[in-house]
Amino acid sequence: SPESAPHIEEGQPSIWSLWNLIIRPPRAKYEEKHLGHDKFAVGGIAVNREDSIVMNHRGHRLCCSLFEPDCSSPDSDKPRPVVVYCHGNSSCRLGAMEAIPVLLPLGIALFSFDFSGSGISDGDYVSLGWHERDDLDAVIHHLRSRFPNRDIGVWGRSMGAASCLLHLPRDPKIAGAVLDSAFADLPRLAETLSASNHYMPWALPGFVVSTALELVRVMVNQKVGVEISDVSPVAHAPEARVPALFVAGRFDDFVSPDNSKELYNEYGTTGQDVQKDLLLFDGDHNSTRPRDVLRKIGQWFMRQFKVEAPLLKNGRRAGFPELGFRPPSTLLNGPVSARRRATRGRYMLGDRVEYKSITKGTWISAIVVDVNENGDVQLDVKRGAWFDAKDQELKVRDVQQSDEVGEPWELYDVVSYHSTTLGEWIDACVVAVNIHNEVELDVKRGYFLTTDEQSHRLRRCPEQRPSDAPRPVWRLNTKVEYNSKSLGGWTPAVIVAIDTWGRIQLDVKFGAWLTEEDQEERVRLPTGDCILEED
């Protein structure tokens with residue numbers, strides 16, 4: 001059963017962690033109530049949600065939801081199109097919530113579902129695309145049987161994008177595909193992850209990687225009947241004929257954006273020219289997609305479907321809404337519940353607020369984790385306790401502006417950090433910063449907190465930085481030259497991150513820390529005789 005399947009734990013051998021990461025990542029657990037109301041509105045458009053079950057080719061029940069905009073099409077003779085959303089490997093159909101404010105106000109229906117082995121669908125394991133492509137095929141067959149004249153598009157994220165790529169050559173009738181953060185080849189991804197200590201308890205030494213991957217190959221084949229060498233979207237991409245938009249975060253260290261670039265280059269190359277686009281943005285694998293990226297995705301789908309946005313009652317054309325209905329991000333650790341406005345009350349699910357703690361004697365940061373039909377709320381710092389309207393007036397308030405805006409953090413700054421694991425504020429120290437004002441803490445190594453996360457998880461402490469704290473040798477945004485082995489010479493670069501060990505990151509080698517020893521050999525101030533000039 002899913003409960004007995006092993007999970008990644010600290011101290012677990014990396015080979016088992018890699019095996020888990022491929023076929024049994026943490027399973028998103030949720031209840032149907034987290035899907036929100038079956039009737040709601042977004043962007044001035046009323047929406048109806050209908051839940052259903054689709055059987056896949058292996059006899060597994062797939063739990064599905066269809067979100068239908070209740071609006072008239074400008075072209076009454078053209079049936080409303082529908083987009084099928086395919087979630088990532090540790091997510092579920094709740095991941096489609098990011099697509100709701102993008103598609104539904106444009107009159108495009110949305111169909112989301114849990115892959116087999118994910119969410120509350122049947123199945124114990126995932127296969128990172130191989131069996132999931134057949135789940136997608138079953139869902140599309142269901143939609144075509146029910147709505148034979150409707151155009152169908154697909155939108156995949158991570159594993160979901162890989163599943164789409166494996167399926168697209170089999171179904172050229174699909175109107176368009178948005179492919180967000182797809183990996184190009186599973187064996188190569190597994191090899192990269194095995195050498196990373198960000199996603200493994202510890203990195204595997206190079207001389208044992210091939211042996212470890214062979215063991216993983218055997219175990220995956222035994223459990224799910226899949227050869228990982230077959231899970232290669234880039235091998236299938238040349239045969240695809242469906243218009244495609246590839247999307248990737250520039251700072252993705254889980255599935256490098258080079259994967260999307262490779263897939264884009266190989267896509268549709270064996271026949272006639274296929275429409276394809278590549279959209280890169282500042283973000284990583286799990287970050288919330290920026291508003292302008294979501295808008296471009298919506299506009300791209302409208303071009304593929306050849307439809308116009310519906311007319312609202314005021315005569316204006318519907319469009320991408322202000323984020324009164326905000327799409328949540330989908331994390332590797334599991335789903336983020338759909339945010340919804342209660343029928344009464346001032347707060348939404350997922351709102352950041354402040355709670356007046358009697359124990360701590362001050363206002364502390366909190367997040368709304370549940371809202372009932374009366375507008376009562378529960379907070380992450382006080383789970384199980386409902387706050388009605390009267391309680392909210394006394395104990396809950398909006399985040400104060402003074403806590404959200406301040407000077408950028410610097411190395412060695414002493415801070416208070418709200419740990420979700422411990423459920424409390426703990427002391428921490430800033431050990432790395434980058435040009436985006438993101439910070440790494442000594443209590444959370446290997447992870448940069450975005451400015452958005454800092455607004456509700458970091459607070460300044462009365463203590464100042466230690467008086468004996470050394471000043472960094474380098475400063476952010478300093479222009480330097482980097483001796484690139486791959487390019488065979490010195491190339492212009494900019495320092496984009498520094499830490500308390502004296503290491504730096506450069507824009508031309510983002511994500512790779514250069515030690516002080518590396519810097520002596522490969523980093524210098526501009527000399528004017530740089531071999532490789534900037535474009």
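**Labels and cut-offs**

Modeller: Tyr-267 has a relative accessible area of 1%, so Tyr-267 is buried. Buried means under 20% relative accessible area, exposed over 50%, and partly exposed in between (1.4 Å probe, protein chains only). This is a predicted model, where local features need pLDDT of at least 70 and side-chain atom pairs count only at pLDDT 80 or more, while totals for chains, interfaces and linings use all residues. Residues are numbered from 1 along each chain as its sequence is written, and side-chain values use heavy atoms, with hydrogens and water left out.

Colleague: What makes Phe-246 and Tyr-267 an aromatic pair, and which geometry do they have?

Modeller: Rings of Phe, Tyr and Trp (its six-membered ring) pair if their centres lie within 6.5 Å; planes under 30 degrees apart are stacked, over 60 edge-to-face, and the rest tilted. Phe-246 and Tyr-267 are 5.4 Å apart, centre to centre, with 80° between the planes. The pair is therefore edge-to-face.

Colleague: Why is Phe-246 paired with Tyr-264 as well?

Modeller: Their centres are 6.3 Å apart and their planes 85° apart, again edge-to-face. Phe-246 lies in strand E8 and Tyr-264 in helix H8 (residues 257-266), so this pair ties together parts 18 residues apart in sequence. Helices (H or I, at least four residues) and strands (E, at least two) are DSSP runs, numbered from the N terminus.

Colleague: What sits over the ring of Tyr-264?

Modeller: The charged end of Lys-276, at 5.1 Å from the ring centre. The criterion is NZ of Lys or CZ of Arg within 6 Å of the ring centre and within 35 degrees of the ring normal. Arg-150 does likewise over Phe-147, at 4.4 Å.

Colleague: Why is Glu-68 called buried?

Modeller: Its relative accessibility is 16%, so Glu-68 counts as buried. Glu-68 belongs to strand E3 (residues 61-70).

Colleague: Which side chains make polar contacts with that of Glu-68?

Modeller: Arg-80, at 3.1 Å, and Arg-150, at 2.8 Å. A polar contact is a pair of N or O atoms within 3.5 Å; within protein, one must be able to donate a hydrogen and the other to accept it, and residues adjacent in sequence count only if both atoms are side-chain atoms.
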